[in-house]
Amino acid sequence: MDDNIQDAELAKADIRDHERLKALRAPWEQTWEEVDQRFPNGAGGFRQTSPGQIRGQRNYDTTQITANKRFAAAGVAITTPEEKDYIRIRFVDDDLMRQRNVALWCERASRRMYALRHAARTGFGTSVNEDWDQLGRYGTSPQLVDGKPGRGFIYRTLHLSEVFIDVDYSGRVDTVHRCYKRTARQLEAEFGRDALTPKMIEALEPRANKEHTEFEILHVVAPNRAWDAEKLDWRRMPIVSRYLAVGEKLYIRRAGFFTMPIAVSRHTTSAGELYGRSPAIDQMPTIHGVNAMKNTTLRAGHKAVDPALLFNNDNGINKLVSRPGGMNPGMVDDMGRPLVARMPGGENGLPYAMEMIEQERQVIRTEFLEEFYKILTDPNSRMTTTEVLEVMSKQGILVRPFASQYQTEKQFPVSQRELDLAIRNGQLEPFPAEVIEAGAWPLVEYENLLAAMARAESTAKTLRFVQALPVLNEFDPRVRHRVNADAIAVGMAQEMGVKPSYLRSDEEVAELVRQDQEQQAAAMQAELLNQASGATLNLAKANQASEAA
């Protein structure tokens, strides 16, 4: 244990602040417990059960479970599609981006950042799917991003049950308390034996045989109120990181970060709400209703298939054989009429009940972006480029309420964290001289479906305009002088996310134009020479003919 990092008063303050955050989160926990009941395939951190116990026994319908899986798949597809090189690094200064070597540096850095993020050992694909899955359940999801030189990035989605948050004056999450339990053996592997508290070291003694004893750890990540860039310890970091052993009120580690390592996004929030609301929370009444209707329908179907029986009198009957092919002697009178009949009811109402259930299911699917998922996975689409862009623009209405919040609270902080780690660890090539002179810092943008949908309307309008030009040209040929085709080509390339290396520079275009003009001039001169030589030849022939005459 390092005595230099111990601070009894700070430890008490951290615990008091944690109790405050627990009180702020408490009203949400009952709702999240209900979510755990209806979504049993999750971690279930808010509704503790015995190991191996089957959860979700109150479910009679699983529409919401399938819908959330598709919601997560659609969320990943529209934000971080692994099959597409979607990361774009740029500088805010447009004049700087017009410098070709700066634009090419951004393109190379973008490819490098994509490779770092999607490397095999980072766990990004698993983490981002868990992140969207948790957003669909609880509406709030924290994701840890870290990295070390030589090891690359590390991604991990933290379960909301162990995370408590607070916001700054602008409503952005800037404080995260993570409270979790680890065994003495696990803590030794994470922090090293020298950093552990006396009780943890005692548990690790061979004779004690208590290495699996659990200890509660509070990890505080918050703005550094004692930030001093001149210091050489944790105080030079703008973000503090403190690991506190709650039971002993002793710190295991005090360090810091240059960028926020835990990005917490919320699906949608109302004014004044600290935690987000999810599709599962918004549709919980409908989910309850569908399950109740499904339960009733199952009972009705059971009655229809295996109905109750009506007797005139038992007439000595003490057992009926209801299995297929069963023999029941004495069950008809002398006229052949059955002495036992089924109780009517349940047959005619089943189609109506199933129709009502399907209507409610569709409400749940719509909330979980089922329609958007179908568009992404439809293998039979035969739409033109313009039609695709127009559909994307319209479907963007479905995701617009939460897309902006996701970009602000998850994509931006995660990408800035990655960029900071990559530059500090020397994983990107040095800035161009122009960037260093301007003192600029790059930003990371995503060339994904969200970005495409945001630009879809503008691109679709341009395409419709270009398609109309031949018709307009038939009425007035002067139309071709109105259009700046080169500006349209450059503008649409930027809107559609075309890489700078795919386009020639202004200097290269000017050189090609000069070569074309020279070739045209040479061809025209050759044509004039041919015409002149032909005229000379004709004149000579005319003179010969006149002399012969």
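## The five-stranded sheet

Which strands does helix α6 (residues 184–191) lie across, and at about what angle does the helix run to β5? In this predicted model, helix α6 lies across β5, β6, β7 and β8, and its angle to β5 is about 130 degrees. These strands belong to an open sheet of five, arranged in the order β4-β5-β6-β7-β8 with antiparallel pairing. The edge positions are taken by β4 (163–167) and β8, each of which has a single partner strand, so one side of each is left without a neighbour in the sheet. On average, and with direction ignored, neighbouring strands of this sheet are turned by 15 degrees against each other.

Within the sheet, β5 and strand β6 (residues 214–223) run antiparallel and are joined by eight bridges. Another helix, α1 (residues 8–38), lies across β4, β5, β6, β7 and β8 and runs at about 90 degrees to β4.

## The three-stranded sheet

A further open sheet consists of three strands in the order β3-β2-β9, again with antiparallel pairing. Here β3 and β9 (262–266) stand at the edges; each has a single partner strand, and therefore one side of each is left without a neighbour in the sheet.

The antiparallel pairing of β2 with β9 extends over five bridges, and T140 has R266 in β9 as its bridge partner. Helix α5 (residues 124–137) packs on this sheet and touches β2, β3 and β9. The direction of α5 makes about 160 degrees with that of β2.

## The second largest pocket

The second largest pocket contains about 840 Å³ of space. Its lining comprises 27 residues, and those nearest the centre are D146, K148, Y243, R253 and F257. Two or more lining residues come from each of β2 (140–148), β3 (152–157), β5 (173–183), β7 (239–245), β8 (250–257) and α12 (385–424).

What is the division of the lining into nonpolar, polar and charged residues? Eleven residues are nonpolar, five are polar and eleven are charged.

## The cavity

The structure holds one cavity of 30 Å³ or more, and the largest cavity has about 70 Å³ of space. Its lining is formed by T80, R117, F124, V128, D131, Q143, Y406, K410, Q411, V414 and Y446.

The elements giving two or more residues to this lining are α5 and α12. The greatest contribution is that of α12, with four residues. By type, the lining of the largest cavity divides into five nonpolar, three polar and three charged residues.

## Aromatic pairs

The structure holds 17 aromatic pairs, including that of Y86 and Y114. Why is this pair edge-to-face? The ring centres of Y86 and Y114 are 5.7 Å apart and their planes stand at 85 degrees; planes over 60 degrees apart count as edge-to-face, so the pair is placed in that class.

The two residues come from distant parts of the chain, 28 residues apart. Y86 lies in the loop between α2 (63–79) and β1 (87–90), whereas Y114 lies in helix α4 (residues 100–117).

Notes
Residues numbered from 1 in each chain as written. Predicted model: local features only at pLDDT ≥ 70, side-chain atom pairs only at ≥ 80, totals over all residues. Heavy atoms only, no water. 1 Å grid on protein atoms, 1.4 Å probe; cavity = no way out; pocket = protein on both sides within 12 Å on 5 of 7 lines; lining within 4 Å. Points joined across faces, edges and corners; volume = space filled by probe spheres on them. Nonpolar A, V, L, I, M, F, W, Y, C, P; charged D, E, K, R; others polar. Pairing = 2+ DSSP bridges. Contact = heavy atoms within 4.5 Å. Axes fitted to C-alpha atoms, helices over the stretch in contact; angles between N-to-C directions. Phe/Tyr/Trp six-rings, centres within 6.5 Å; stacked < 30°, edge-to-face > 60°.
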